[in-house]
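Reader: Can you walk me through this one? Keep it brisk, please.
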Amino acid sequence: MILGIDVGGTHTDAVLIDHFAVLKKAKVLTDERNLVTSLLSVTKALVDESTVHQLERVVLSTTISTNAIVQNKVDRVGMLLVSGPGLPPALYDVRQDTCFMSGYINHRGMEIVGIDRIEAARMRDRFRSEGILHVGIVGKFSTRNPRQEIELREIVRDKFRHVSLGHRMSGHLNFPRRIATTYLNEAIWDLYHRFVKEVLHFVHARGINVPIYILKADGGTFDISQSVDFPVQTILSGPAASIMGILTTTGCNSDAIALDIGGTTTDIAVFADGVPLFEPFGVTIEGHKTLIRGLRTRSIGVGGDSVVRLREGRLSVGPERDGPAAAFGGPFPTPTDAMIVLGMTGIGDPDKAAAAIIPLADALQCPIGEAARAIFRETCLQIAGHVRDFVEEINNQPVYTIHEMLDGKRLNPRRLYVVGGPAGLLAPELGGLLDCEAHVPVHAEVANAIGAALARTTAEMTLLADTEQRTLTICEEGLQTAIPPGFTMEEVVRIGSEKLRKKVLKMGAAEEDLEIEVVEAQEFNMVRECYTTGKNIRVKVQIKPGCIADLKRGDALCR
Amino acid sequence: MPLKPQKRTGLIFFPAFDWAISPNHPEREERLLYTQDQVFEEGLLDFDNIREYKPGIATAEDINRAHICVPDAGSVVTESHLISAGGAITAADKVLTGEVDNAFALVRPPGHHAMLVVHGARGFCNVNIEAIMIEYIRHRYGPKRIAVVDTDCHHGDGTQDIYWNDPDTLCISIHQDGRTLYPGTGSRDEFGGPNALGATVNIPLPPQTSDEGFLMVLDRVILPILDEFKPDLIINSAGQDNHYTDPITNMRFSAQGYALLNERLAPDIAVLEGGYSIEKALPYVNVGIILAMAGLDYSHVREPDYDPVALRQSADISRTIEEEAAKVMNLWKGRHEMKAKLVGAARYVKRKKCIYYDTDGISEQQEETVRVCDDCGGLVMIESVADTGNRIFAVILPGRCCPECRSHGEMFYEKTNRGKHNRIYFQDRERGVFLVK
């Protein structure tokens, strides 16, 4: 049995799954001040003395990191940045407690200017004297050569509670994002650390002695003990949970669109051949652009409770929400009210809904039914328009090879999955507008918890072999080893796959879930003064995001 | 540093990581690899005012507005050329629709050595991506006065050739003196065809010219001429091989110099041309240009081994450049009086050219005949023979073509029979008509 729990902003949802069938589901209100209380109450509802020993794994998706960042409940972090030449310090989005340090690594990973140990010790003492307990160390091109970050850590490490190094956050190039990611990792480190301790205490007290996993923004999981070093990986896991839920309950294996229609917003996600797409560089949270691999979603201000009004004689829906629908005592007409007037649903007070729509009908000089129909239609048109723009944007994403320009994959979604409150009511119309077969997945109301329960462990690994310098760098691991001049792409892929395999097993993956794929493999002849001096080989391998074994692509969760 | 007004800058980045002229050629897959690394690592694409766009793909129709390709456009280009020309066109579209304030097509392969008639590849170029873009702009957005400032180290002989007779397209090229570098042309007295004198301006610079020299020419020659020409659009043919580390040239320009030049020139569109110091120059020069175009502070951009004192040009070089600048300006000031002297009573003016296609090893003999005209750029006719065995005749009508040049041109095309020619071409730049017989 698997217990999947998604602690959301409003509700905490949980499911108990056995042999890929949902045995039980539960929904409670989230106690924001004490998330463990919410965990306790859903767990109680699903697992009792007799079933607790049948549990094989528990997976948790939590808003703790997201909330801490959104509500700015973060610790001070002393940031040591080795920026070298390039952008001026003023163009970096950094706060107080930031020092720009001497040192410079270039794009090939060569050390051009060394660090200044005296300067580093001085900054360490300054941070310490100000009571700062957390430090982030980030160098430009540190993923090409982590040496200066490591040297700086050696100077400061004993004086602080925790230190994060930029190159460990991601193998991607993007110094400003590396700074933001490292900062956030330290800023929420204490809070997350305490949360993990409480969770572990709680599960052990309940007699649960199985692996506990945490969901990441990329829709993959990692073991809770592994998550402690990288709390920033757990931001924005909520939307990822829903998308993974749709994947597991529908067995989607083609290009498809997934919509989560809520009261205030609709979240759009896209599958390419059944695989959810990632943000190209990393997710953004509260204006922090990070390197955290996360599912590519777009949130738009159209939902069931969006305010409907007339603007220059035309109906407009959203983007704001001002309380619930009129049928539930809200101040403005909403798409929900229109659907009530149209008799599509029996919820709420139909008289209040009608009363809210009447002024719009008068202004449009049409019967109330026609006005309600127009609102419903306009809501769907807006959502469909945003979906088309999003797909178009993905299809227009720049590519860097002629092969991809001419033969690259173009998304052509013909399936639409809709979850959320009004999913069933809007799905047929949206399907028609988008020329898609529309589906409302089973257990849509707890899709997030199902997604968490069944997500597999994921990770990626970035490798760079430079046969001129005879080094192989595994960027996010901070590893550099010597290689012979004749090193080949095949060897880089083999080493990458092997290292990735070991890494995810340590993160808690099961051997049967190791679907390793090469997502990038480029090889460049390096020519200097007319002679070939080496090869520059770039490889990225990943565990394909998806569900844990037995539930292969194309299968869906049983009812 | 005072705050500069930021600009919305479009970036069309197409490194063609799977295309090379040959494995060891300077124009190979690796060329923009380290530029990509630097641009990504600096996080430039995350700036709200810098937007990246996917390039479009140019068509044969786009090429036929700017070139006479022998035997046809499809035979002289590969997909890579269509994408780099398409990238330049995308840059133009984004600027002319107002989506961005300026744009940089950081694309390869380059194009500024490709001339009006194309029998093959020369100087790593098959088709002229700036000219294809310029003719696209005029076709799509109407007649425009356009200035091309070619800052590549090699003379922009292809662009000069295509616009030799066009008074509405100002081609200014600064380059290492042709007596010391490919393609050998680009002396001061190459000054435009009989109806377009002064619309071609060449400023050859001595080897070892540094930032100081380039910026002096910018301030004393280029900017004053642009002020008078009053272009609707300024295009920088942004070669990066004036850099002090470039392996095939001898100049001493720096990333700071390139950034400063682009800030002062303020091009609407920049298009990458040459530049083969792929590791030590391009990453820094490109970051500098992007920041300068976007109105962001580039003062911290510099190469790892940058030493402005060691790179300074000698006093002799400064003097040479100063004299050259003065001579060019004299020529420019006298451009209106030049025609009567040069043309006299002639109704047609001929020029003969021998063109060598170094990349493909083709030789071409060409005779160009221009109708002397005071109302437009003048009808142009070209007789061209290449040692590939191809012999062609082409009639070209300029943009804003006067009725007389038009009727003469139409008549010549009509009257000329295939005879000894493989093909006869008719290119009407005003109406976008392209005919072959």
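Predicted model: local features only at pLDDT ≥ 70, side-chain atom pairs only at ≥ 80, totals over all residues.
Reader: Okay. Into which domains is chain B divided?
Author: Chain B has domain 1, covering 9-335, and domain 2, covering 344-436.
Reader: How many Å separate the centres of the two domains of chain B?
Author: The centres of domain 1 and domain 2 of chain B are 27 Å apart, taken over C-alpha atoms.
Reader: And how many residues are in contact between domain 1 and domain 2 of chain B?
Author: On the domain 1 side of chain B, 26 residues take part. They are in contact with 32 residues of domain 2 of chain B.
Reader: Which helix gives the most to the domain 1 side in chain B?
Author: Helix H5 of chain B, residues 129-141. This helix gives 3 residues to the side of domain 1 that touches domain 2.
Reader: What classes of residue are on that side of domain 1 of chain B?
Author: There are 12 nonpolar, 8 polar and 6 charged residues on the side of domain 1 of chain B that touches domain 2 of chain B.
Reader: Let's stay in chain B. How do S11(B) and S12(B) pair, parallel or antiparallel?
Author: Antiparallel, over 10 bridges. Strand S11 of chain B spans residues 348-357, and strand S12 of chain B spans residues 362-371. Ile355(B) stands opposite Glu364(B) in S12(B).
Reader: How many residues sit between the strands in the hairpin of S11(B) and S12(B)?
Author: There are 4 residues between the strands. In this hairpin, Gly361(B) takes a positive phi near 65 degrees.
Reader: New topic: chain A. What is the order of strands in its open sheet of 4 strands?
Author: The order is S6-S5-S9-S10 in chain A, with parallel pairing. At the edges are strand S6 (98-100) and strand S10 (162-165) of chain A, each pairing on one side only. From one strand to the next, the twist averages 15 degrees.
Reader: How many bridges join S5 of chain A to S6(A)?
Author: 3 bridges, and the two strands run parallel. S5 of chain A covers residues 77-82. Leu81(A) stands opposite Phe100(A) in S6(A).
Reader: Which strands does helix H4 of chain A lie across?
Author: H4 of chain A, residues 147-156, lies across S5, S9 (134-139) and S10 of chain A. H4 of chain A runs at about 155 degrees to S9(A). Helix H5 of chain A, residues 175-187, also packs on the sheet and touches S5, S9 and S10 of chain A. The direction of H5 of chain A makes about 165 degrees with that of S9(A).
Reader: What about H3 of chain A? At what angle do its axis and that of H4(A) cross?
Author: Roughly 50 degrees, and the axes come within 9 Å. Therefore H3(A) is oblique to H4(A). The crossing is right-handed.
Reader: Which residues make that contact of H3(A) and H4(A)?
Author: From H3(A), Arg117(A), Ala120(A), Ala121(A) and Arg124(A). From H4(A), Leu152(A), Ile155(A) and Val156(A). By class, that gives 5 nonpolar, no polar and 2 charged residues.
Reader: Last one. How many residues are in contact between chain A and chain B?
Author: 37 residues of chain A are in contact with 38 of chain B. S26(A) gives the most to the side of chain A, with 5 residues. That side divides into 20 nonpolar, 12 polar and 5 charged residues.

Notes. Residues numbered from 1 in each chain as written. Chains lettered and ligands numbered in written order. Domains from an automatic or database assignment. Contact = placed C-beta atoms within 7 Å. Nonpolar A, V, L, I, M, F, W, Y, C, P; charged D, E, K, R; others polar. Pairing = 2+ DSSP bridges. Axes fitted to C-alpha atoms, helices over the stretch in contact; angles between N-to-C directions. Parallel < 35°, antiparallel > 145°, perpendicular 65-115°, else oblique. Left-handed = near helix turned anticlockwise from the far one by under 90°.
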